[in-house]
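Welcome, and take a moment to turn the model around before reading on. We will go through it step by step, starting where two chains meet.

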Amino acid sequence: MSHARYYVPEQSRWPILASIALFLLAYGAGTLMNALSADQGGGLGVALLLAGALMMGLILVGWFGNVIHESRSGLYSEQMDRSFRWGMSWFIFSEVMFFAAFFGALFYVRVLAVPWLGGEGEKGISQMLWPNFSAEWPLFNPPDAERFPGPGAVISPWHIPLLNTCLLVTSSFTLTLAHKALLKNARTQVRRWLFLTIVLGLIFLGFQAYEYVEAYHELGLTLQAGIYGATFFMLTGFHGLHVTLGTLMLIIILGRVLAGHFDARQHFGFEAVAWYWHFVDVVWLGLFLFVYVL
Amino acid sequence: MSTLDTTMATETGGHHGPAKGIGRWLFTTNHKDIGSMYLWFSLLMFFLGGCMALMIRAELFQPGLQLVEPGFFNQMTTMHGLIMVFGAVMPAFVGLANWMVPMMIGAPDMALPRMNNWSFWILPFAFAMLVSTLFMDGGAPNFGWTFYAPLSTTYAPPSVTYFIFAVHMMGISSIMGAINIIATILNMRAPGMTMMKLPLFCWTWLITAFLLIAVMPVLAGVVTMMLMDIHFGTSFFDAAGGGDPVLFQHVFWFFGHPEVYIMILPAFGIISQIIPTFARKRLFGYASMVYATASIAILSFLVWAHHMFTVGLPLAGELFFMFATMLIAVPTGVKVFNWVATMFRGSMTFETPMLFALAFVVLFTIGGFSGLMLAIAPVDFQYHDTYFVVAHFHYVLVPGAVFAIMAGVYYWLPKWTGHMLNERMGRLHFWLSFIGVNVTFFPMHFIGLAGMPRRIPDYALQFADFNMVATLGAFLFGFSQLVFLWNVIACVRGGRKAEARAWEGAEGLEWEVASPAPYHTFATPPKLPESLR
């Protein structure tokens with residue numbers, strides 16, 4: 001059967017619609033940001049952005065619905081399954097590289113740029129610009145304190161971040177248990193472990209939001225607080241976005257389990273989301289170590 | 001199950017042709033349709049970017065400011081680079097991959113056909129957005145295609161925001177396209193086609209796709225940092241907050257250097273298909289070609305800072321990046337040697353695709369050698385940001401990447417259209433382009449070594465003669481591309497009937513199917529021909 005006919009779908013309207021939606025999203029976001037930076041109202045930008053987001057949401061529902069329907073109609077061979085597996089693996093690899101860019105920026109400023117600004121090494125000559133600057137990490141006193149007032153304090157790793165680490169690592173285990181249960185066709189247990197995973201993800205997000213509020217209102221740790229704030233919020237922020245997306249995907253998977261989808265043999269949708277969730281978990285471990293602890 | 005079987009038969013059966021009307025192109029899932037759209041889009045962008053190049057060359061025809069404002073000149077150099085890199089060269093290679101990879105490996109289509117269509121249709125929207133910046137307040141991006149911070153952040157026109165989002169869209173398109181190509185090559189090969197029997201065009205594209213997936217997200221990362229610096233007060237590229245403008249260059253070139261190989265590896269693949277055909281010999285050193293391509297790809301991640309020798313790197317950095325860069329000459333030399341060795345004692349004929357391929361080997365090697373000169377850090381202090389650099393990368397990109405694309409188009413046009421091309425017009429196009437390209441770019445070596453800086457609309461009087469020559473060459477090269485356009489259209493519309501094996505010495509699965517290739521090929525996997533077993 002491995003060379004059964006490969007399913008080549010009929011014409012589809014989703015791609016062109018999705019391109020239009022993406023264009024509206026991008027154009028809307030650009031217009032909105034320019035308007036905000038020029039201190040104008042963002043009416044047009046907001047409208048385009050919302051239209052694009054709504055359209056994209058509907059398209060994703062429709063497009064994935066299409067794929068799920070085809071899958072459940074038995075149109076997909078084992079070979080198709082392998083295409084999806086390659087596709088998802090390489091997509092996750094692209095996500096790894098996206099985070100790598102921000103981690104690379106973090107390492108560069110910590111190991112090279114900030115010490116150089118403080119007068120260290122061959123490039124220490126750049127200290128001429130800000131002779132009173134001394135290098136430190138976390139950077140509480142950026143060179144130009146007027147434009148970039150440093151943070152008053154930073155998040156301690158041993159409170160919420162440690163708790164969040166435990167939550168995410170646990171959620172990886174509960175998700176694996178759900179997968180094991182699915183392989184044994186124990187559907188009640190699948191539902192239970194999946195539900196628990198989602199709850200853990202949501203608690204993580206709640207804590208993360210709480211941490212941001214604390215950072216902004218009590219610690220003075222903001223995006224504008226110099227390079228520490230910039231790297232901190234970009235890395236944790238993009239991670240948080242990925243957890244949000246992952247949680248959403250888990251909720252959809254739970255919905256599909258409740259609707260009777262997936263069996264012990266065929267459940268790639270489930271596995272893809274699980275891979276994604278583990279990837280998000282591993283990124284968090286990197287964040288915990290390099291952003292919070294060290 | 002019987003209804004299911006009938007749906008399967010109608011939905012995957014190879015008996016029906018393309019849909020009618022515009023819907024065929026908007027909603028298609030067919031790799032050949034999508035390949036054609038990529039190629040036409042790329043040709044359109046090639047002409048658009050070419051017009052900008054001619055505007056640049058027209059301004060540089062004489063010293064002094066004649067035709068355009070310096071600000072507009074900067075917009076032209078920026079947009080010319082962006083459009084040629086992301087709009088012309090990359091989509092052309094993706095178009096060729098779409099057309100040829102499934103046919104070369106015996107697959108019914110690309111692995112994920114709907115996503116394939118999405119990858120394409122993002123591009124016209126992304127470029128509509130990018131080109132629309134020309135008409136915005138403050139003008140289009142004017143900071144060069146490398147968009148160094150703080151030129152592209154603190155001092156950028158407001159249109160930079162749209163530029164950033166356009167880059168995001170191109171990145172999404174490229175990543176999805178690359179994922180599709182990898183999944184196709186790894187998963188859709190006909191039984192018996194092992195990896196080491198894969199046609200080299202597929203091998204080079206497999207490795208290119210890996211590079212794309214590895215570095216397009218880094219580009220997305222760097223433009224996101226720009227966006228945050230511009231609109232949300234972060235200080236990634238601002239030393240006043242503890243960041244570093246040099247950080248921009250590091251992240252950008254970590255993308256940018258693999259990117260230049262993304263634009264040349266598929267060209268290597270095309271040339272490795274064409275030379276054996278017209279030399280009527282098997283490719284010399286197949287395995288070493290594969291390993292050389294892979295080595296070039298791996299090395300491409302370790303050489304990015306050779307673009308930044310003058311930025312003030314520590315000495316250890318200068319040395320490391322200098323030697324690592326020179327190392328790339330080894331696998332590249334292997335490739336050039338193999339092409340020459342393939343031709344050695346072959347029964348050569350010189351049809352248009354072969355002419356372009358031969359010119360590629362010679363002129364790309366010139367570009368490679370000037371690259372080697374630029375790799376020498378102490379010497380680069382003299383060359384940096386001069387026309388020598390412009391000469392170097394145009395030699396690898398125009399008679400390199402672009403000639404390879406044209407060679408590929410001429411080589412596979414009979415398969416696509418069912419007609420042989422007009423050889424006389426093909427040769428005319430080749431000779432005009434060959435002369436034009438050398439007259440344009442060769443003098444730039446001299447004015448560059450003499451110190452003429454790039455991206456400046458005016459220059460000192462001693463550079464006047466060579467600039468005039470270069471401009472004349474550019475107009476010759478530019479207008480001779482109309483011959484190419486004419487030739488392609490003529491070949492689509494008619495011409496001598498092409499056989500399945502359109503070229504006498506051509507080997508491979510794509511030459512086993514009829515010309516023009518039927519709308520659906522290989523609905524079931526083919527048996528490999530004798531030559532591939």
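This is a predicted model: local features need pLDDT of at least 70, side-chain atom pairs count only at pLDDT 80 or more; totals for chains, interfaces and linings use all residues.

Now let us look at chain A as a whole. Its secondary structure comes to seven helices and zero strands, and from the N terminus on the elements run α-α-α-α-α-α-α. Along the principal axes, its C-alpha atoms fill a box of roughly 70 × 45 × 35 Å. Of the 294 residues in chain A, 36% are buried. When contacts between residues at least 6 apart in sequence are considered, 68% of those in chain A join residues at least 24 apart.

The domain assignment of chain A gives domain 1 (1-76) and domain 2 (77-293). Taken over C-alpha atoms, the centres of these two domains are separated by 25 Å.

Residues 158-178 of chain A are 90% helix and 0% strand, with end C-alpha atoms 29 Å apart. Residues 190-210 of chain A are 100% helix and 0% strand, and there the end C-alpha atoms lie 30 Å apart.

What lies inside? The largest nonpolar core has 259 residues, and those with the most contacts inside it are Val89(B), Val222(B), Ile271(B), Phe360(B) and Ala407(B). Helix H7 (residues 200-231) of chain B gives the most to this core, with 25 residues. Domain 1 (1-76) and domain 2 (77-293) of chain A both give residues to the core as well, so it lies between them.

Chain B has its own entry in the record. UniProt places the feature "domain: Cytochrome oxidase subunit I profile" at residues 25-529 of chain B, again from an unreviewed entry. In the model this span is 68% helix and 0% strand, and its end C-alpha atoms lie 33 Å apart.

One helix of chain B deserves a stop on the way. Helix H15 (residues 387-417) of chain B bends by about 40° at Tyr411(B), and a proline, Pro414(B), follows within four residues. Because 30 of its 31 residues are buried, H15(B) is largely enclosed by the rest of the structure. Just after H15(B) comes Gly418(B), which takes a positive phi of about 85°.

Our last stop is Phe381(B), found in helix H14 (residues 377-383) of chain B. Is Phe381(B) buried or exposed? With 11 other C-beta atoms within 10 Å, Phe381(B) is exposed. Not counting residues up to four places away in sequence, Phe381(B) touches Phe309(B) and Thr310(B). Phe381(B) and Phe309(B) are 72 residues apart along the chain, yet 7.2 Å separates their C-alpha atoms.

Conventions. Residues are numbered from 1 along each chain as its sequence is written. Chains are lettered from A and ligands numbered from 1 in the order in which they are written. Helices (H or I, at least four residues) and strands (E, at least two) are DSSP runs, numbered from the N terminus. The bend at a residue is the angle between axes fitted to the seven residues ending there and the seven starting there. A residue is buried if 20 or more other C-beta atoms lie within 10 Å of its own, exposed if 12 or fewer, and partly exposed in between; C-beta atoms are placed from the backbone. Two residues are in contact if their C-beta atoms, placed from the backbone, lie within 7 Å. A nonpolar core is a set of buried Ala, Val, Leu, Ile, Met, Phe, Trp, Tyr and Cys residues joined through C-beta atoms within 7 Å. Domain bounds come from an automatic or database domain assignment. UniProt positions are given in the numbering used here, feature names are shortened, and annotations may be inferred rather than shown by experiment.
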